[in-house]
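Let's take a walk through this model together, moving from its ring contacts to its charged pairs and then to a few details of the backbone. Please keep the 3D view open as you read.

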Amino acid sequence: MAVWDARFSKKIDKKMESFNASLPFDRKLFEQDIKTSITHVNYLASINVLTKQEKSQLIHGLNSIKQKGLKGKIKTEHEDIHSLLEALLKDEIGALAGKLHTARSRNDLVATDFRLFISEKNHAIKKQLTRLLANFLEVAKANQKVILPGFTHLQGAQPITFSFYCLSYFFMFLRDHERLTDNQKRILLSPLGSGALAGINYPHPRKPSALELGFKGILPNAMDAVSSRDFLVEFQANLAIIMMHLSKFAEDMIIYSNKQFDFIEMDERYATGSSIMPNKKNPDALELIRGKTGRVYGNLMALLTTLKALPMAYNKDLQEDKEGSFDSIETVENCLELAGSCLKTITINAKKMHLATEKGFLQATDIADYLVNKGLPFREAHGVSGKIVKHLVKNEKIYSDLSLEDFKNFSSLFESDVFQCLDLNTLIENKKSHGSTSFREVKKQIHLAEKTMKRILAD
């Protein structure tokens, strides 16, 4: 029997009953619904709607249901987790359970439950990001002298260190961590006490109940409180950004593990083989991270589309805010865990990285700067350096094959010190700008990352 059956003379169509029910997925809010209900019981007792004995019985009943859990109790006749919980409470303590819904609506109840759930998941994902940040920092510290090609347009550009590369992702994921922290301020605003949309006919300052539940404040307008889901849009957007960054990292690792690059070797625990080609070692964990990014984007767009034209205040459309959110949360949690595992267990092929840097003509910019320091305007120096690269490509040579006489054929400004521009370690150390790939600047970035980690872990 539905909680609203008294208004109707016909029983709900079975197909409609199934279509309307949210219990198959909002059962995830079970613990939050009990927590919110206990806080509401405390409120009702504070305004003398409940006696001390009734308060005690209700709280005991709710705690008993929590301990027993939901195993085997999901039945189609219950529309949602709230009506199921009320029915279970009635089985536990009798007719007194009917007083629980005094001065509240499922509208403010579900909004409260969901904010509590998202707050917990927001915190859990932040902890996972913290572990991933620690992984990137650890790998960065261990590979400060490893040189690899830095790419733009997926073409060799300039030499960098693998440490510098890892730190680029450290600071990228750090911003994701900061976004979740900022999001929490808007998640932890309580709707409880707002009723269906217009408030309730009982005195309710609302803030004591909010603080009891762990909220930092209340939503000041009841209509906004029950209908607003912008906190969830922001959270899902943050998840989508995390997945975008994970997908970028996965793409890099897929490319670097390809035998045509051979910069890294994937641990076999995170790779798969082929049903027909015995030689294959496929980076499927990384490919799935890249692939699952689309579904998280899709869940965000689905939520935005659901919300874009809803009239105030609560509408049943808002039931569609949960399944996509639950899916995105689970996807991000799994992807963060696997990305961290892949990163921690890769084998780095420093020799292949170094050789690829040598063969990629990545000293070209430094040779142009060398000529600038000899007095040549940069645009002319760029042209000279480009001609040298053209000569090397045509003759299948690398810079180390050139003599001083060869260099002078391109410009009389070249002297014997030009060969310093060919040494990759020198090129790395020549970078003088703040935040560069130079060994000393990378040490500074590592120090900053270490300080950041200490701050995060202390919070």
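The paragraphs below go through the model one kind of feature at a time.

This is a predicted model, in which local features need pLDDT of at least 70 and side-chain atom pairs count only at pLDDT 80 or more, while totals for chains, interfaces and linings use all residues. Residues are numbered from 1 along each chain as its sequence is written, and side-chain values use heavy atoms, with hydrogens and water left out.

Let's begin with the aromatic rings. A pair of aromatic rings is described by the distance of the centres and the angle of the planes. Here, rings of Phe, Tyr and Trp (its six-membered ring) pair if their centres lie within 6.5 Å; planes under 30 degrees apart count as stacked, over 60 as edge-to-face and the rest as tilted. The structure holds 19 aromatic pairs. One of them joins F136 and F249 in an edge-to-face arrangement, with 5.2 Å from centre to centre and 75° between the planes. F136 belongs to helix 6 (residues 106-142) and F249 to helix 10 (residues 230-257), so this pair ties together parts that are 113 residues apart in sequence. Helices (H or I, at least four residues) and strands (E, at least two) are DSSP runs, numbered from the N terminus. F136 and F249 are both buried, where buried means under 20% relative accessible area, exposed means over 50%, and partly exposed lies in between (1.4 Å probe, protein chains only).

A charge sits over a ring if NZ of Lys or CZ of Arg is within 6 Å of the ring centre and within 35 degrees of the ring normal. K28 lies over the face of F326 at 5.7 Å from the ring centre, and K145 lies over the face of F439 at 4.0 Å from the ring centre.

Next come the charged pairs. A salt bridge is a side-chain nitrogen of Lys or Arg within 4 Å of a carboxyl oxygen of Asp or Glu, and the structure holds 25 salt bridges. In one of them, D327 meets R295, with the closest N and O atoms 2.7 Å apart. This pair links distant parts of the chain, with D327 in helix 12 and R295 in helix 11, 32 residues apart. D327 is partly exposed at 22% relative accessible area, and R295 is partly exposed at 39%.

Another salt bridge brings together the side chains of K374 and D417, at 3.3 Å from N to O. K374 sits in the loop between helix 14 and helix 15 (378-394), and D417 in the loop between helix 16 (404-408) and helix 17, 43 residues apart. K374 has a relative accessible area of 33% and is partly exposed; D417, at 28%, is partly exposed too.

R440 and E429 form a salt bridge whose closest N and O atoms are 2.2 Å apart. R440 lies in helix 18 (residues 439-458) and E429 in helix 17, so the pair ties together parts that are 11 residues apart in sequence. There is also a network of salt bridges linking K259, D262, E265, K281 and K352.

D262 lies in the loop between helix 10 and strand 5 (264-265) and is buried, with a relative accessible area of 11%. F361 likewise has a phi near 60°, positive in a residue other than glycine. You can find F361 in the loop between helix 13 (350-359) and helix 14, where F361 is buried at 19% relative accessible area. Elsewhere, a cis peptide bond joins M312 and A313, with omega at about 5°; A313 is in the loop between helix 11 (284-307) and helix 12 (323-345).

Finally, what about the cysteines? With a disulfide taken as a pair of cysteine sulfur atoms within 2.5 Å, the count comes to zero. C342 is in no disulfide, and the nearest cysteine sulfur, that of C335, is 10 Å away. C342 is buried at 3% relative accessibility, and C421 is buried at 9%.
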